[in-house]
Amino acid sequence: MAYRARVIASGSYLPQRILTNAELATQVETDDAWIRQRTGICQRHIAADDELTSDLGIAAARKALDAAGLSGQDIDLVVCATATPDETFPATATRVQAALGMTSGAAFDVQAVCSGFIYALAVADNFIRAGQARRVLVVAAEVFSRILDWSDRTTCVLFGDGAGAVILEAQALNGSAERNSAARGLLSTHLYSDGQHHDALYVDGGPGSTQTTGFLRMQGREVFKHAVTRMAEAIDVALDANDLTPGDVDWMVPHQANVRIIEAMAKKLNLPMDQVIVTVDRHANTSAASIPLALDAAVTDGRVKTNDLLLLEAMGGGFTWGSALIRW
């Protein structure tokens, strides 16, 4: 029997505290106009001192389960994408698993920084295609505020905290339906990395090196240049793999790093910005959580409708990058 993964629900969570550009300007040498002009960001959410990455992920997961009418016992696998886990081990996914009352199946983390959700989606998709899971909860949760150098205005203005989640369910396919891009479900995922660019975006610490958490360091221009090139390549591969063209795309749901990068991707597809889901202005860059947060916002407000074709793309430290196509 052949299976395709279909997204049956989404959910999201943002911490209560909002940090505006104006407030940030009182803490570091910057101003609202400078941030907006270069990034499109107006504000970001910051986790409370007692909020863990798992708390954000659990909240998003519960909303997705509620939307699907399911409980934790209905889930076979939890895949959590995060670069800011609660602890070195165990996996943050196991905390999510326990909180949801899921006592069987498996749970583990995936780490690909801002590409994490695409990577986790690919893992979940392959488990379903292999017949090893019927329902998979994919969670992406980050508290990047904990790894920022708040004296570095080139990085601290860019990031925020949040979590998003989707539930994938196996759908049995018959014959050629498996290759039919008009059928609902996750059509394909495409993953890439190039470890030669480590120094362009990394955290200068870790248990195996400095025994500290460290802070995020970034060469902004280098990241921007590679992001535009690599994500464009991943988009082309996804469309070609499914015999589709840019004109077939109803919505682009990009990683929310910088509005300039998002606009460059839309231009590449000749897609008007009103067909691009943009939340970077309100959420800033929430790393792995940015795509599912944007996706859930568009599902909740009714923009994304049944049978719409969604193109997801991201790039993160490593470098890692990737794309996915979903028929909603």
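This is a predicted model: local features need pLDDT of at least 70, side-chain atom pairs count only at pLDDT 80 or more; totals for chains, interfaces and linings use all residues.

Trainee: Okay, what's the strand order in the open sheet of four strands?
Mentor: The order is β8-β13-β12-β11, and the pairing is mixed. Strands here are DSSP runs (E, at least two residues), helices are runs of H or I with at least four residues, and both are numbered from the N terminus. Two strands pair if DSSP finds at least two bridges between them.

Trainee: And which strands stand at the edges?
Mentor: β8 (185-193) and β11 (251-254); each has a single partner strand, so one side of each lacks a neighbour in the sheet. From one strand to the next, the twist averages 15°.

Trainee: How many bridges join β8 to β13?
Mentor: Eight, and the two strands run antiparallel, with β13 covering residues 320-327. To find the spot by eye, look for His190 opposite Ser323 in β13.

Trainee: How do β12 and β13 run, parallel or antiparallel?
Mentor: Antiparallel, joined by eight bridges. Leu310 has Ile326 in β13 as its bridge partner. The two strands form a hairpin with three residues between them, and Gly318 in the turn has a positive phi of about 140°.

Trainee: What about β11 and β12, parallel or antiparallel?
Mentor: Those run parallel, with four bridges.

Trainee: Is β12 buried or exposed?
Mentor: Eight of its eight residues are buried, so β12 is largely enclosed by the rest of the structure. Buried means under 20% relative accessible area, exposed means over 50%, and partly exposed is in between (1.4 Å probe, protein chains only). Both faces are covered: Leu309, Leu311, Glu313 and Met315 are buried on one side, and Leu310, Leu312, Ala314 and Gly316 on the other.

Trainee: Which helix lies across β11 and β12?
Mentor: Helix α8 (residues 259-269), running at about 150° to β11. Axes are lines fitted to C-alpha atoms, for helices over the stretch in contact, and angles run from 0 to 180 degrees between N-to-C directions.

Trainee: Switching topic: at what angle do α3 and α4 cross?
Mentor: Roughly 50°, with the axes of α3 (residues 53-68) and α4 (residues 92-99) coming within 9 Å. The contact (heavy atoms within 4.5 Å) involves Thr53, Ser54, Ile58, Ala61 and Arg62 of α3 and Thr92, Arg95, Val96 and Ala99 of α4.

Trainee: Where is Ile167 found?
Mentor: In strand β7 (residues 161-173). With 0% relative accessibility, Ile167 counts as buried. Not counting residues up to four places away in sequence, Ile167 touches several others, including Val7, Ala64, Leu70 and Val136. Ile167 and Val138 sit 29 residues apart in sequence, but 6.2 Å apart in space, C-alpha to C-alpha.

Trainee: Last one: is His226 buried or exposed?
Mentor: Buried, with a relative accessible area of 12%. His226 is in helix α7 (residues 220-241). Leaving aside neighbours within four places in sequence, His226 is in contact with His197, Met231, Met315 and Phe319. You've already met Met315, on one of the covered faces of β12.

Methods:
Residues are numbered from 1 along each chain as its sequence is written. Side-chain values use heavy atoms; hydrogens and water are left out.
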